[in-house]
Amino acid sequence: MTGWRFILITIVLMKTKDSRVINGQVSPDNLNPYYNESMEIEKRLPEHVLPRKYVIAISPDFQKDKFHGSIRIDLELLKVSFYYSNVTVNDLTISSTKLYTKKSQTEIQIQSVFPVRKREMLVIKPYRNISLGEYYLKMNFSGRLKGKISGFYLSTYVDENKSISIKFDILINFMTMISLHYLLLCRKLAVSQFEPFYARTAFPCFDEPSFKSIFLIRLVYSKKLFYHAQSNMPIVEMETMGDDNDKTIAYFEPTPPMSTYLVAFLVSDFECLGTHMNLLNESKIPVAVCVRPMFKQKAAFALNITIKAMKFYLETFQIDYPLPKLDLIGVPDFTTGAMENWGLITFRETQLLHSENDSSCTNMRRVSLTVAHELAHMWFGNLVTMKWWDDLWLNEGFATYMEHIAVDFLFPEWKLMDSFPLYTKYISMRHDVKLRTRSVVKRIEDLNEIEEMFDRISYQKAASVIRMLEDTVGNSKLISAVRKYLRRYQFRNAESRELFDILGNTTQATIDIVDFVRRWMRFPGFPVINVRRDKAGFQLLQRRFATSRRFSETIDDGSWTIPIRYVTSRKDGVKLDWFLANYSCGNNNVLELSLEKSVDWIKLNHDSIGYYIVNYTEDAWNVFGNLLFYNPSLIFTLVVSLIIFTLKLSQALSAMNRADLLHDAFLLAGAGLNYSTAMNLTFYLMNEHAYQSWAVAMEWFGQMNRLLHKTHVLRRFRRVPCLDIERSLQRRPRPLPEDNRKEAAKVPIGEH
Ligand SMILES: [Zn+2]
C-alpha cells in the first residue's frame, strides 16, 4: 500500500527555545501552511508509527551548563493518516530534522516540522508520498542543564575533602585557587530523571511507556575534569577525540526493549564500591554503589542489601535479571526518593547512605526498604511495564509490597510484616477517606494527571490490597501467578485485566478472585463494617466509609467482597467468612455471621490485613476498653491488673489487633463515634510494650494536638488521667531495637 500526500510521523515533543530554528531557519508562520484550527489532535501518540531502535549521542557542557545531542530513531510505519497542527514555542532547540528510508538510505524531503504545545508533540510532515515500511529519523538538538531537577539536569556538590589543598593553593596563587575552586571544590555532574514524561525534554522520543524500544547510548564528555560516564548498560568501547584528545566518547551496549522513562545518563566524578552477584544462570555480574568520593564508605550497607535482596528476588520470581550490570547512584540533588532506571538506579543520597557509627536505626530501615523497593522494579515496571499510567499500581503497588516482603526476609528480627498496616494501610487511609479520593486504577488522559498518580493510592493502598489478596489465596499461589505474569509479559507491557485473568486461572480460590480484585482496584475509598449482635451471632453491614453523613449520602460506589477474618473471646483460633459484594442489595448489604457458641466479644479484621475498618456498638467498644484497661490508682489493683492485663492481651489480642482497635476508633471518631470512646482505649498504653499501638496512638495524639491548639481543652487533653501524653512521647517503644543495628550492618555480603 502506498502513502498519501501528507504522512504523519508524530514524535513527542522536545521543548524548543525558539521554534524558528525548527527545520533549519524556517519562520514559524511558514511551518504549517495546512493548519486547521478545528482539527483536534489526539492526546496519545498514534500507534501506526513505532520506534524500533534509538541511537542517542549526548554531551553535557559544564562550562555553559547546556547539553548537545544527536539522535537516530529507526521507525516502522504501519499505516498512514492526515494530520494538522498548530505551531508553539517551547524550551529545547532542534537544529535539524531529516528522514530517510532504511533500505535505500534515501533522504525524504520534509515539508514542515511543528510542535503541538498542549500535547507536547512534534509533528513531522514529509513533502511527498511515502510507502509503509521502515525509515529512520535523524535530528540534532540542544538544551539546558541548569535550573531544573528533571530531564537531563545539573547537580552540584562541594568536595570537602579537597578544601585543605585549596586553602594551601590560596597562598600560592590566587588565580589558581579560583580555577581549582571551580574545577575541584564545587563539583558538577549531569544526571537524568525521566519518569514519568521527562525523557522528551532530553531527547526526541516516543515518550509513552508502551513504546518500548532498544537504546544505544553514547555519552561525550571531558576527561580533564576527572569525569566518567554511566548509563543503563556497560560501556563496550571508549574513544578519544578533539584537538588535544580532551573529549571522550563512551559507547554503551544496546539495552533490551524498554520504555523511555527508564533510560538514564550520568556524567560524574563519583567513586564506586563494587562486588559481583550470581544470576540464576550461574553467571556473575558486577554490582556497584556509586557516590561522591567523600561518602564511599557509607555505601557498604546499601551494597550489602542489594546483593541479598537481588538473591531473594531471583529465587522468588525464578526469572533472571536480564542486564549485565547493576549500579546504584546517590545523587546530591534529587526530586524523589529514588528512581528505578534499569541498570542505573538513582537515589536521593539520604535514601542510600548509611554509616554504622553515625546513622540511626530508622535510617537503616529506610535505606533497606528504598533499595528493596527499587530492586523489585527491575521486574515490576522494567521487565513488565504498565501500558499506560492508569495502571501505575502494577509497578508501584507490587514494588511497595515486595520491599516489605524482601526486608522482612533479610531481617526477620525486625518483624516488619507484623507492622505492615502501619506503613501502608494506615497511611493511605488518611488520604482515602476524602470525598475526592480516586480508585487505584483510574482512567487518565491529560499529562497533568499523570504525576498525580504517584500518590498513596498507587503505592500504599495497592500494596495493602495485594497483602489482602495474598492472605486470601495464599503466598505460594500469589507468587505462582506473579511468575506467570512476569514470564508472559517480559519485555512487553501489560494491563490490570491481564494480571487479573492470570490470578483467576492460577489461584483457584473459593470466591471469584477476578471480581474480588477488580472491585478493590476500581472502587474509590474503602468500606466500614458495622457490627451488631443478633440472636445467632452478629449482623454485619458494609458501606463506604465517609467522614460525614452528607458525604455518605452522596456516594454510591457499589460494594466490596470482603474477607472477614476474626477472633473471639473463646480463643479458638482465627476464623474466616466472606462478605460477598452484592450490587442488588445496595445499602442493605448485610451478612449474618452465625457462631456455634456465644462469645463476650468479637474482633473483626484480624491483624488488620483487610483494607477496611470496623465499627462496633458502644457496648462492644466498652468491652474492648475494659479488656485493655487497668486502674493504676491502687497499688494492689495495679499489680493484679498488670498480671491480668499481660495474660489477657497476650492470649486474646495480638499487638496488631490492639493497634487496629485504636486506629479504627480514632478514624471513626472523626465521623461520629464519641472521642471519649477512642481515648478510653488508649489508657492501657502505659503498659503497652509493643510498637504498633504506640505508633497509631502518637499519630492520632499529634492530630488532636493540632486540632485543639489554642483552645482551652488542650491543657486538659495533654493531662488526661492515667496517660500523661507529654511523658508518653518519651517512653514509646521504637520500631527497631538498637541492638539490631550493628548486627544487621555487619552481616557479610552474600549471606542469605
Ligand atoms: Zn517505585
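This is a predicted model: local features need pLDDT of at least 70, side-chain atom pairs count only at pLDDT 80 or more; totals for chains, interfaces and linings use all residues.
## The chain as a whole

Let's begin with the big picture. The chain has 752 residues, and 58% of them count as buried. Its secondary structure comes to 22 helices and 29 strands.

## Thr 260, tucked into a loop

Now zoom in on Thr 260. You'll find this residue in the loop that runs between strand E14 (247-252) and strand E15 (265-268). Is Thr 260 buried or exposed? Its relative accessibility is 1%, so Thr 260 counts as buried, the cut-off for that being under 20%.

Which side chain does the side chain of Thr 260 make a polar contact with? The partner is the side chain of Asp 207, at 2.6 Å.

## Where helix H4 meets helix H6

Next up is a pair of helices. H4 covers residues 300-317 and H6 covers residues 393-410; their axes come within 10 Å and cross at roughly 110 degrees. Because of that angle, H4 is roughly perpendicular to H6, as angles from 65 to 115 degrees are counted that way. The crossing of H4 past H6 is right-handed.

Who's touching whom? On the H4 side, the residues are Ile 305, Lys 308, Ala 309, Phe 312, Tyr 313, Thr 316 and Phe 317. On the H6 side, they are Met 402, Glu 403, Ile 405, Ala 406, Phe 409 and Leu 410. Sorted by class, this contact has 10 nonpolar residues, 1 polar residue and 2 charged ones.

## Phe 538, in a strand

The last stop is Phe 538, which sits in strand E24 (residues 537-544). With a relative accessibility of 5%, Phe 538 counts as buried too, since the cut-off is under 20%.

Phe 538 and Ile 602 are 64 residues apart along the chain, yet their C-alpha atoms are separated by 8.9 Å. Ile 602 is also in contact with Phe 538.

Note on methods: Residues are numbered from 1 along each chain as its sequence is written. Side-chain values use heavy atoms; hydrogens and water are left out. Helices (H or I, at least four residues) and strands (E, at least two) are DSSP runs, numbered from the N terminus. Buried means under 20% relative accessible area, exposed over 50%, partly exposed in between (1.4 Å probe, protein chains only). A polar contact is a pair of N or O atoms within 3.5 Å; within protein, one must be able to donate a hydrogen and the other to accept it, and residues adjacent in sequence count only if both atoms are side-chain atoms. Axes are lines fitted to C-alpha atoms, for helices over the stretch in contact, and angles run from 0 to 180 degrees between N-to-C directions. Angles under 35 degrees count as roughly parallel, over 145 as roughly antiparallel, 65 to 115 as roughly perpendicular and the rest as oblique. A crossing is left-handed if the near helix is turned anticlockwise from the far one by less than a right angle, and right-handed if clockwise. Contact means heavy atoms within 4.5 Å. Ala, Val, Leu, Ile, Met, Phe, Trp, Tyr, Cys and Pro count as nonpolar, Asp, Glu, Lys and Arg as charged, and the others, Gly among them, as polar. Lists of a residue's contacts leave out its neighbours within four places in sequence.
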